[in-house]
Amino acid sequence: MDIKNDPYIQSLPRETEKDERQYQKVLASGSYPMQQMKAFVNKYTHVCEEYGSWAGDFYINTVIIRYMELVSEREDGCIDWLDAEKLYLMNILSAVDTFELSDDSMMEPDALSPKMETLIEVLVEEFEADMARGEQSFSGIIFVEQRVGVSVVKEILSRHPKTRDIFKIGTLVGASQHSARVGKNLTELVDPKKTDSTLAEFRTGEKNLIVATSVAEEGLDVQACHLVVCCYMQKNKKSYVQMRGRARRKNSTYVLMFPDEDTGKVRQQELMQWEEEMLEAYQDNTRKLKAKEESDLVEGEEEMIAEKYPITETG
C-alpha cells in the first residue's frame, strides 16, 4: 500500500511552503485509509494470538465482506469518506482472497489457540456440573479485552461442535465515538445498537451466555451468574472487584485466565493481597457502622430521658 497513491494525499496542494509542511505531516501520520489498514493488521494479529488461526481467517473474511457490502450499497451515513478513498481501499481489500470457513476446520490441530481451547473446556465442564447438580438453567459471562474479541469468541462458540448446542450467546460492548471523517471503523465487527436486547434476553433465559468487554463490569444491571470467565489480566482492583462480583450465585465459579503458569502464580499472590485488603476494608466499614448505630442509640436514649425529666429554668 503506497500512501502516495492515496486519493486524499494526491488531493493535497503543494504550492506553498505551508502546503508542503502539511503534506509531509499527513504523509507521516498517514491518511485515514492507511490508518484503517494499520488498525486492521493490528487487530488481526491480536485475534490470531488470542484465539487462533481460524479466528484470524474469520476476522479477515468478515471485515472484507462487510466493507464491500457497505461500499456497494453506498451507505454514506455509515462510511463518511470521500468516494475515491472508499474505492481506493476497496481495490486493496479486493486483492485479498476470502473463503468460506467450515465448522469442522476449527477442529483441526492448532486452528484454535490454547486459550480458546481451554475456554471451551471450562464452559462445557461448568455447564455439565450445573446440570448434574440439578440446576434448572445456566448463566455465564465471558469478559474479553478488545471489542473485536466479542464477535470472534461468539462466532467460535456458536459454531464449535462442543458448545453450539448448549449455549445461546449474546454480545455486549460499549458505544464507540467517531468523528465525522472517521465514520464507520473498518475494524469494528459488533454494532453496539444490536446488543441492546442482550441484557433483557439474558434475564429471561433466552440467552444463557454473554461475551462482553469491560462495559459489563461497570454499573450495568447484570444478574449474578453461575460462571464468570475473565480472559485477560485486570489492570486494577476496581476492575477485579466488579468482575468478580458477577459470580455470586450459589455454586458459582469465577475463572481467571493467565498466559502462563509463572504469571499465574505471581498474579494469584497479588489477588490474594487484594482479597485481604477488601476484607479489611469491609470489616473496618462494618465496625464504623456499628459504632455509629451505638452512638445514635445512646443519643436517642438521652433525648428520651430529657423529655421524661424536663429541667425548668430557675433564676
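## Basis of the model

This is a predicted model, in which local features need pLDDT of at least 70 and side-chain atom pairs count only at pLDDT 80 or more, while totals for chains, interfaces and linings use all residues. Residues are numbered from 1 along each chain as its sequence is written, and side-chain values use heavy atoms, with hydrogens and water left out.

## Overall architecture

The chain contains ten helices and five strands; helices (H or I, at least four residues) and strands (E, at least two) are DSSP runs numbered from the N terminus. Of its 315 residues, 40% are buried, where buried means under 20% relative accessible area, exposed means over 50%, and partly exposed lies in between (1.4 Å probe, protein chains only).

Among contacts with a separation of 6 or more, 72% come from residues 24 or more positions apart; a contact means heavy atoms within 4.5 Å. The chain exposes about 18,400 Å², with carbon and sulfur atoms supplying 50% of that area. Accessible areas follow the Shrake-Rupley method with a 1.4 Å probe, and for residues only the protein chains shown count as cover.

Helix 3 has 20 residues, and its end C-alpha atoms are 28 Å apart, in agreement with the 28 Å it should span at 1.5 Å a residue. The expected span is 1.5 Å times one less than the number of residues. Buried residues of helix 3 include Tyr32, Met37, Phe40, Val47 and Glu50. Their cover includes helix 4 (53-72), helix 5 (83-93), helix 6 and helix 7. Just after helix 3, Gly52 takes a positive phi of about 110°.

Helix 6, with 19 residues, reaches 27 Å from its first C-alpha to its last, close to the expected 27 Å. Among its buried residues are Met116, Leu119, Leu123, Phe127 and Asp130. The buried residues of helix 6 pack against helix 3, helix 7, strand 1 (140-143), strand 3 (209-212), strand 4 (227-230) and strand 5 (253-256).

## Salt bridges

A salt bridge is a side-chain nitrogen of Lys or Arg within 4 Å of a carboxyl oxygen of Asp or Glu, and the count comes to seven. In one of them, the closest N and O atoms of Lys115 and Glu50 are 2.6 Å apart. This pair links distant parts of the chain, since Lys115 belongs to helix 6 (residues 114-132) and Glu50 to helix 3 (residues 32-51), 65 residues apart. Lys115 is partly exposed at 22% relative accessible area, whereas Glu50 is buried at 19%.

Glu155 and Arg159 form another salt bridge, with their closest N and O atoms 3.0 Å apart. Being four residues apart in helix 7 (residues 147-159), the two are separated by about one helical turn. Arg159 counts as buried at 18% relative accessibility. Glu201 and Lys207 also meet in a salt bridge (3.0 Å, N to O); Glu201 is buried at 17%, and Lys207 is buried at 18%. Salt bridges that share partners join Asp103, Glu155, Arg159 and Arg164 into one network.

## Aromatic contacts

The whole structure holds five aromatic pairs. Rings of Phe, Tyr and Trp (its six-membered ring) pair if their centres lie within 6.5 Å; planes under 30 degrees apart count as stacked, over 60 as edge-to-face, and the rest as tilted. Phe127, Phe138 and Phe167 form one aromatic cluster.

Arg14 lies over the face of Tyr23, at 3.9 Å from the ring centre. A charge sits over a ring if NZ of Lys or CZ of Arg is within 6 Å of the ring centre and within 35 degrees of the ring normal.
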